[in-house]
Amino acid sequence: MTDPIADYLTRLRNAIMAKHRVVEVPASNLKKEITKILFEKGYILNYKFVDDGPQGTIKIALKYDAVNKVCAIKKLTRISTPGLRKYTGYKDMPRVINGLGIAIISTSKGVMTNKEAADLKVGGEVLCYVY
């Protein structure tokens with residue numbers, strides 16, 4: 001697999017399209033950090049790290065609206081790819097839907113949202129947009 005983050009986002013996207021409640025993805029430290037951010041910002045209902053085998057898995061419970069059955073995540077977009085990395089400084093931090101969405105940034109101080117990175121004045125690699 002050349003791009004595990006794209007695979008992670010695609011599995012989430014496919015589960016949302018199929019209206020699944022829970023999705024399982026292979027675990028890695030970067031995927032765990034992205035999952036924690038999605039939970040903190042209210043895009044997913046819950047998550048659980050399962051250590052089975054050498055790699056482990058992440059079980060993610062997706063968040064849906066009770067009335068309209070619409071998922072909290074409208075769109076997941078991969079920005080930086082292995083073939084074309086996208087970096088940003090803290091002054092040029094991307095704004096997703098004029099501040100309504102989040103950009104997940106991999107910085108020297110860990111994985112965080114664009115707002116947290118701008119507050120800490122650190123730049124980094126723009127992994128994905130979520131809204």
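The structure is a predicted model, in which local features need pLDDT of at least 70 and side-chain atom pairs count only at pLDDT 80 or more, whereas totals for chains, interfaces and linings use all residues. Residues are numbered from 1 along each chain as its sequence is written, and side-chain values use heavy atoms, with hydrogens and water left out.

**Salt bridges**

- A search of the whole structure finds six salt bridges, a salt bridge being a side-chain nitrogen of Lys or Arg within 4 Å of a carboxyl oxygen of Asp or Glu.
- Lysine 41 pairs with glutamate 116 in a salt bridge whose closest N and O atoms are 4.0 Å apart; lysine 41 lies in the loop between H2 and strand S2 (44–50) and glutamate 116 in helix H3, so the pair ties together parts that are 75 residues apart in sequence.
- Lysine 41 is partly exposed at 40% relative accessibility, as is glutamate 116, with a relative accessible area of 30%.
- The helices (H or I, at least four residues) and strands (E, at least two) are DSSP runs, numbered from the N terminus.

**Threonine 107 and its surroundings**

- Threonine 107 is placed in strand S6 and counts as buried, at 10% relative accessibility.
- A polar atom of the threonine 107 side chain lies 3.1 Å from the backbone nitrogen of lysine 109, and a polar atom of that side chain lies 2.6 Å from the backbone oxygen of glycine 110.
- Leaving aside residues up to four places away in sequence, threonine 107 touches Met112, Ala117, Val122, Gly123 and Gly124, where contact means heavy atoms within 4.5 Å.

**Cysteines**

- A search of the whole structure finds zero disulfides, a disulfide being a pair of cysteine sulfur atoms within 2.5 Å.
- The closest cysteine sulfur to that of cysteine 71 belongs to cysteine 128 and is 14 Å away, which is too far for a bond.
- Cysteine 71 is buried, with a relative accessible area of 6%, and cysteine 128 is also buried, at 1% relative accessibility.

**Positive phi values in loops**

- Most residues other than glycine have a negative phi.
- Asparagine 98 has a positive phi, near 55°; asparagine 98 is found in the loop between strand S5 (87–88) and strand S6 (102–107), and is exposed, with a relative accessible area of 65%.
- Lysine 121 likewise has a positive phi, near 60°; lysine 121 sits in the loop between helix H3 (114–120) and strand S8 (124–130), and counts as exposed at 56% relative accessibility.

Terms used
Buried means under 20% relative accessible area, exposed over 50%, partly exposed in between (1.4 Å probe, protein chains only). A polar contact is a pair of N or O atoms within 3.5 Å; within protein, one must be able to donate a hydrogen and the other to accept it, and residues adjacent in sequence count only if both atoms are side-chain atoms.
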